[in-house]
Each structure stands twice: as structure tokens, then as C-alpha cells.
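Trainee: I would like to go through this model feature by feature. Please start with a helix and then move to the metal site.

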Amino acid sequence: MRTAIYARLSRDSAGESENVDIQKAECAEYASEKAWEVIGTFEDNDISASRYSIKPRPGYLVLLASIRSGAVEAVLVTEMPRLYRRLEELLELIRLAETTPLRHIEAVDGGGYDLSTGEGIHNAVSAVNNAALESRKISDRQKRKKKVQARNGAFAGGARPYSYEVDGITVREAEAEVIRWAASELLAGRGLRSLVAELNRQGRKTAKGHQWRPLNLRRILMSKRIVGIRVHNGAEYPAAWPAILDPETWERLQLVLTAETRMVGANRKGGRSYLLTGMVFCGRCGGEGRAKATMIGYGKRDHRDLQARRRYYCRATDDRGNKVGCGKVTRLAEPVELLVSEAVLDMLDSDRMAAVLGAAAQNEEMAELVDRYQNHKLKLNDLVADYASGLLNREQLAHAKAVVEAAMEATQAKLDRLQSGRALAAVPVGQSIRETWAKADLDWRRGLIAMLVERVVIHPGRPGAHRWPADDNTELLERVGRQWYFDPAKVEIHWKVYPGDVEEPASG
Ligand SMILES: [Zn+2]
């Protein structure tokens with residue numbers, strides 16, 4: 001009998017031989033005992049026997065092709081489930097038995113079916129149904145077990161989570177302190193990079209004993225583990241471990257970290273030495289509808305004049321050659337940056353801003369918004385649970401999710417606006433803000449400007465006509481230290497948070 005041997009590695013089904021080579025050897029021995037001629041050996045590796053698995057089996061497909069070509073009379077496996085996982089696969093073999101020389105499917109462990117007889121077909125179908133039932137039971141049992149573990153908030157195992165011991169439950173206080181410190185510094189407006197630099201300077205290490213990188217720290221601060229939540233299949237359960245941060249702090253932190261990501265992205269594009277990258281727009285072509293017409297920083301520091309060659313310019317084409325701007329407006333970077341920085345610092349010094357920052361009503365609104373946001377999240381969680389238990393189908397889930405997510409987005413936008421004021425409240429006001437500014441790094445300064453400034457629009461203008469700071473503005477002259485050929489009237493600052501906003505709420 002012309003026989004094809006088929007071997008497959010599977011991860012479950014207790015008692016089956018796992019090794020493909022052993023399977024092949026057992027089959028070859030069986031064939032040789034029966035004096036069957038082996039015309040080919042086919043195999044697939046590392047594929048689950050689960051009924052739900054639909055990964056392609058290349059070896060199996062070649063086997064089917066050989067059967068179709070008429071070369072195969074019998075297929076030999078160690079156990080039947082190696083050959084087919086689903087009824088559809090068996091039906092295909094049964095159909096092939098009607099049109100090709102295939103007659104037998106045979107297992108080394110004794111089972112075998114003669115597909116040329118009704119009885120043989122009936123037995124084969126029963127066998128596959130039993131196997132499917134067993135697989136379903138195992139799958140349900142595993143799912144229930146995991147779900148119970150998740151509901152109990154148990155640690156899922158694996159590497160030691162930062163700020164917890166290896167059991168995943170006990171808090172490692174020294175590391176928890178780092179998390180709380182990082183959270184409060186970030187909320188006070190500091191950047192991830194500068195926190196990471198400080199941790200590395202102090203010789204502090206990650207859970208795996210490595211140096212810190214912004215991504216490590218960010219991932220930890222964004223994980224729900226640190227607020228005592230265990231996430232399983234998108235659903236959240238109260239964890240068995242204690243929280244490091246309270247939920248309100250954590251939510252505010254997420255807003256800051258999301259903003260930080262946007263900033264980091266903008267940074268990478270334009271180079272690290274530009275304070276306003278991503279915030280400067282061309283006043284000639286970058287109107288409301290042309291958000292792409294951002295001006296980007298260009299030029300290295302010159303060894304003779306440290307700042308002279310840095311410029312913001314309207315980029316005519318993007319990296320792919322698409323037209324994105326007029327390319328006709330350019331401005332020295334230094335005076336633009338000084339002008340915007342001075343305006344931001346003046347704003348922070350103003351009494352009106354102090355009134356904005358100190359508004360108690362804001363705290364209440366913040367708490368209410370965070371509360372609303374968390375309720376949206378719980379609702380999403382319920383939806384996922386309903387879907388998992390079959391109460392909702394995929395389409396209903398998608399629809400319901402879209403509705404809740406839209407509400408979340410609106411809430412998040414309001415939170416974003418409030419957060420600007422909140423983070424600023426932690427910045428020392430009055431004279432010390434300028435001291436803080438003088439000592440701060442580029443990230444911190446960018447963060448502070450981004451909290452207050454929506455965009456900076458640079459209008460076309462002829463250089464040489466104006467001197468800035470003006471001769472009579474001795475205070476600013478002294479602070480800036482030099483004069484530029486530069487017209488401040490051609491630079492327009494759009495504020496995000498403007499003291500006027502508090503007088504007239506809900507103005508947009
Ligand atoms: Zn332009």
C-alpha cells in the first residue's frame with residue numbers, strides 16, 4: 001500500500017508523543033511491519049491541536065496535494081488528532097477518498113478507518129467529534145481557571161514587576177518611592193528624560209538591573225498595576241497587590257505622559273536644539289486649514305556666533321517630496337525663542353494667572369472630570385465583559401465602544417485644558433519661576449511652553465527694519481543681553497490657557 005506519513009508537533013493533548021522525529025520513526029516502523037511502501041513524509045511544527053486554531057499547516061497542504069495527485073493510498077499518523085483537528089478537515093479527506101486512490105487513514109496507536117466503507121466514515125466522524133468535545137472542555141477549563149485567577153487579582157507570574165518583590169504582591173518600598181517621586185516631578189512639569197538622567201546618576205536600576213531609559217519609566221508609570229488593577233483580556237479586576245499611586249494621580253499622570261509622547265515625537269523630527277519645534281507655524285501659508293505647514297528648525301550652531309545660524313523656516317516639501325508649505329518665510333531662531341519664553345514667563349508672573357492657578361473651583365471640576373473619565377472606563381470594561389460572556393456580538397461591541405470612546409475623548413480634552421493649569425500650579429510663581437527656568441533643561445522648558453502656548457505664527461516680514469529688544473526697553477535688554485534685527489510684531493502667540501478664559505467659562 002502506498003503510504004504517506006504525517007507528523008505534527010502539538011503543545012497539548014497529554015500522552016501524545018511531542019517530538020516530530022519520534023512520530024516519524026514510529027510511523028516508519030509501523031509501515032515497515034505492515035510492509036507498506038512509504039512514498040513520502042510530511043510534517044508541521046509547533047501548531048496547537050485546538051479546534052480553534054486556524055494557523056496554516058504547510059506540510060498538511062503538501063500532503064493533500066500528493067493525495068490529489070493520486071500517489072497516496074493510505075495516510076499514517078501516530079494518533080488521529082495529528083491528521084485533522086476539525087470536522088471540515090476530515091470531510092475533505094473523505095471527499096478525496098471518493099475521487100482518488102486514498103482508502104485508509106491509519107494511526108500507529110491502533111485506530112484506523114477505511115474511508116471506502118460507510119462504517120469506516122461513520123467511525124472517523126464520531127472520533128473527530130469526540131476529540132472536538134475534549135478540546136473544547138480543555139479550552140473552557142483553562143479559560144475558567146485564568147478568569148478565576150484574574151478575578152482574584154492574582155499575580156500572573158513572570159519577571160519581577162518594578163516596585164514589587166518577585167511574588168508580585170509585596171511592595172519594595174525603595175522602588176515604590178521612585179515611582180511616587182517620578183509621578184510628582186512629572187506632574188510638576190519635569191520631562192521624562194531629565195528624570196531618567198537623575199535616576200541613572202544616582203545609580204538606581206530597573207527591575208532587571210539595567211540603566212533607566214525614558215521608555216522603561218514611561219511603561220511602568222502607564223501600567224495599571226501601580227494603581228492595584230489587574231488586567232486580563234482587556235477586562236480589569238482589583239488586584240491582590242497594593243497600589244503605589246492613587247487613581248486620581250495616576251489619571252493625571254496619563255495625561256501628562258500622553259502630552260509628553262506628542263512632544264517627544266515633535267522633538268525627534270526637528271532636532272533637539274529647537275525650543276519650539278512643532279509649535280511654530282508659517283503665517284504666509286500655514287492658515288487654519290494647513291496644519292502641516294509647521295516651520296522646522298534648521299542649522300547647526302556656528303563656532304563664531306553660537307546662535308546665529310539656527311533658524312525656523314517654512315518647509316516647502318516634506319521628506320517624500322509632497323508640497324507642504326510655501327517655503328518663503330524664515331526667521332532666526334534665537335529671538336523668536338526669547339520672545340516666546342519672555343511672554344510665557346511674563347504670563348506666569350501676572351496676577352491674573354495666579355488667580356487662574358489658584359481657583360478652587362478648578363480642583364472640583366478636575367475631580368469631577370476624572371470621576372467621569374473613570375466611569376467611562378468602567379463602562380468600557382463592562383462592555384468587554386459582556387462581549388466575552390456572549391451578551392453582545394462583535395458588531396454591538398464595536399458600536400457601543402465607539403459611543404463611549406467619543407465621550408471619553410471629550411472628557412479627556414477638557415481634562416487636558418484643566419491639566420495645563422494644574423501642572424502650572426506646582427511651578428513656583430513669582431520671581432522663582434525665572435530662576436527655575438534658568439536652571440531647567442530643554443525638555444522642561446518645552447513642557448512649560450507647550451502647556452500655555454497653542455501655536456506660534458510667524459508672519460512674513462523684512463529683516464533690518466526693527467531692532468529687538470527696543471533701545472528704551474532697558475530691563476529686557478539687560479535680561480536678553482543683546483539686540484537683534486527682528487520685528488516682534490510679526491510673531492503671533494496663540495495661548496492655550498489665557499487668564500481671560502476664567503471670566504467667561506464655556507467659551508470653547
Ligand atoms: Zn509658508
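Mentor: Begin with helix α3, residues 87-99: its 13 residues reach 19 Å from the first C-alpha to the last, close to the 18 Å expected at 1.5 Å a residue. The expected span is 1.5 Å times one less than the number of residues. Helices (H or I, at least four residues) and strands (E, at least two) are DSSP runs, numbered from the N terminus. This is a predicted model, in which local features need pLDDT of at least 70 and side-chain atom pairs count only at pLDDT 80 or more, while totals for chains, interfaces and linings use all residues. Residues are numbered from 1 along each chain as its sequence is written, and side-chain values use heavy atoms, with hydrogens and water left out.

Trainee: Which residues of α3 are buried?

Mentor: Buried means under 20% relative accessible area, exposed over 50%, and partly exposed in between (1.4 Å probe, protein chains only). In α3 the buried residues are E89, L90, L93, I94, L96 and A97. Seen down the axis, they fall within an arc of 160°, so they line one face of α3. The arc is that of the directions from the helix axis to the C-beta atoms. On the face turned away from the buried side, α3 carries the exposed residues E98 and T99.

Trainee: What covers the buried residues of α3?

Mentor: Contact means heavy atoms within 4.5 Å. The cover of α3 includes α2 (58-68), β4 (104-107) and α4 (118-151).

Trainee: Now the metal. Which residues coordinate the zinc ion?

Mentor: Donors are N, O and S atoms within 2.8 Å of the metal (3.2 Å for Na, K and Ca); water is not among the atoms, so sites may look incomplete. Here the zinc ion is coordinated by the SG atoms of C282, C285, C314 and C326, at 2.2 to 2.4 Å. In sequence these donor residues are spaced C-x2-C-x28-C-x11-C. C285, in the loop between β8 (280-282) and β9 (295-298), and C314, in strand β10 (residues 311-314), are 29 residues apart, and the pair links distant parts of the chain. Both C285 and C314 are buried.

Trainee: Why is the arrangement around the zinc ion called tetrahedral?

Mentor: Ideal angles are 109.5 degrees for four tetrahedral donors. Four donors count as tetrahedral if all angles lie between 85 and 135 degrees. The four donor atoms around this zinc ion subtend angles of 101 to 116°, which makes the arrangement tetrahedral.

Trainee: How many bridges pair β8 with β12?

Mentor: Two strands pair if DSSP finds at least two bridges between them. β8 and β12 are parallel, with three bridges, and the zinc ligand C282 stands opposite I458 in β12. Five bridges join β12 to the antiparallel strand β15 (residues 491-495), where I493 is opposite V456. Five of the six residues of β12 (residues 453-458) are buried, so that strand is largely enclosed by the rest of the structure.

Conventions: Tetrahedral: all angles 85-135°; square planar, octahedral: opposite > 155°, others 65-115°.
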